[in-house]
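Welcome, and please open your viewer for a short tour. We will go from stop to stop, selecting a few residues each time.

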Amino acid sequence: GNGSLRAENLRHPKASAVRVVPRGTSTSITMHRQVLVSLARGMRRPAVSGPAPSNFRRMSSLADLVGLEPENGVLSPDVLTKCKLGDDQQDLNRFFEISDEDLKKSFPEGVGEDLDIFFKSVKRNVLLVRQPALDVIRDLKCLQDGGDAPQIAVLSSAQVRGKKGSQIDTERGVGKSATLLHAVHWARAQGFLVLHVRSARLVSHGGWWILPSNDPTKGDFDQPQVAKSILQEFLAAHRDLLATLPETLKDTGEASEETTLADLCERGLESDEQATPAVASLRIELAKVTSVPVLVAVDDYNCLFESTDHSYRNAEVPPERLTLVRALRGLEADGSFQAGKAGPGQLGYPPLQRGMILAAETDKYPRDRKRDYKGVGGAGSALRGLGRANGAVKVVEVGKFSPAEFDVCCALFGESGLVKDLDIETKSGMKLKTQLNPKRVAQAALLLQR
């Protein structure tokens, strides 16, 4: 701005194109900004291999200073489908967009840091329509129509036999959480009652303290802070619908004419002592709901079976002694489905009469070797064998990008302005470095943008 910017100080071939205008001329600040942005874009990738030279780092900072951001261009029909739910087979390998208002309404729990970064990078709230999500939605549609759908998604519609339980079980960063979020978004848009726990890790390790339970039939220890968070997010998503569903009277087992499930959640928010029992009671009530379909979606599911951070009287508290963990588990430690039977270390929550349990495992955290759970945590083969043997547990395969999925992602990066000049050579390098892992592909695009 003071005329002291000199082309020779930039030490870059394209720096000679910079026109330095002293203060006092009529040239607008916008012109200066356009020159700097153009120059920074030209220096995005150094021509030489190895560490970026010092002047490249300086210009990267300069690009951030002047606000180098992706241009919010119009996406082609090959990249963005007009469908707002991404639930049709014709939408496969294309993105669907969620408005900002719909995003807040559908996900009061949030979508996670990775997707937040992705949405901001491409300047859109878009999810890729992938086959695993369509498989889950197909079973949800069957459940919605009153059909004999499984408790969870299956590999194909021919395997729908009305049995309960499943598990999403693959490596880290391939899109298990995105698949779960796609199903949650579709279900809530279709009027499902969805209990969405964004991370079971926050259940097994969260909370400031634990309290001995006032109701030992539901669990040994309560986590009031975690329970209140679950109740608040559930009310934020479904307050009106919960107000139409009557609560079951404990004495008679009949539907109450005075209190609803919304009242149950509100009572849980009144005090620490009532919060956790309210979540446990809510899980039992959801099993009885038949007027609307129900979806219980739990991400980071295997954390419910690993050691906790809690202790009581200098003794470690195992996960099965936490009331919230018991309420959210859908499988036993051997990978079999909980059929409502009570026993040592089991609560025996009843199965959902008209609902599904969707569970996604995670590899984000160190594996707990002290506890042996056959259903998740690297035991996918045993889980698949069990599912084929008795139909109780089904696995939804979520894998790396297919070539078509990778191509449409690259098209999104280019058309959204995130990455310029994404040529064949650059795409080949991305394939080699990322091995078509979806999370790594997104990270590589961010690096190219910078």
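Two strands pair if DSSP finds at least two bridges between them. Keep that in mind for the first stop, and remember that this is a predicted model.

Select residues 193–197, which form strand 4. Zoom in on leucine 193 and you will find valine 294 of strand 9 standing opposite. Is strand 4 buried or exposed? Five of its five residues are buried.

**Stop two: two helices.** Next, select helix 9 (residues 224–242) and helix 10 (residues 261–268), whose axes come within 10 Å and cross at roughly 155 degrees. An angle over 145 degrees counts as roughly antiparallel, so helix 9 is roughly antiparallel to helix 10. The crossing is left-handed. To see where they meet, show side chains in helix 9, including Phe234 and Arg239, and in helix 10, including Cys265 and Glu266. By class, this contact has seven nonpolar, one polar and three charged residues.

**Stop three: a loop residue.** Finally, pick alanine 243, in the loop between helix 9 and strand 7. With 44% relative accessibility, alanine 243 counts as partly exposed. Leaving aside residues up to four places away in sequence, alanine 243 touches Thr260 and Ala262. Aspartate 263 is 20 residues from alanine 243 in sequence, yet 7.5 Å away in space, C-alpha to C-alpha.

Terms used: Residues are numbered from 1 along each chain as its sequence is written. This is a predicted model: local features need pLDDT of at least 70, side-chain atom pairs count only at pLDDT 80 or more; totals for chains, interfaces and linings use all residues. Side-chain values use heavy atoms; hydrogens and water are left out. Buried means under 20% relative accessible area, exposed over 50%, partly exposed in between (1.4 Å probe, protein chains only). Helices (H or I, at least four residues) and strands (E, at least two) are DSSP runs, numbered from the N terminus. Axes are lines fitted to C-alpha atoms, for helices over the stretch in contact, and angles run from 0 to 180 degrees between N-to-C directions. Angles under 35 degrees count as roughly parallel, over 145 as roughly antiparallel, 65 to 115 as roughly perpendicular and the rest as oblique. A crossing is left-handed if the near helix is turned anticlockwise from the far one by less than a right angle, and right-handed if clockwise. Contact means heavy atoms within 4.5 Å. Ala, Val, Leu, Ile, Met, Phe, Trp, Tyr, Cys and Pro count as nonpolar, Asp, Glu, Lys and Arg as charged, and the others, Gly among them, as polar.
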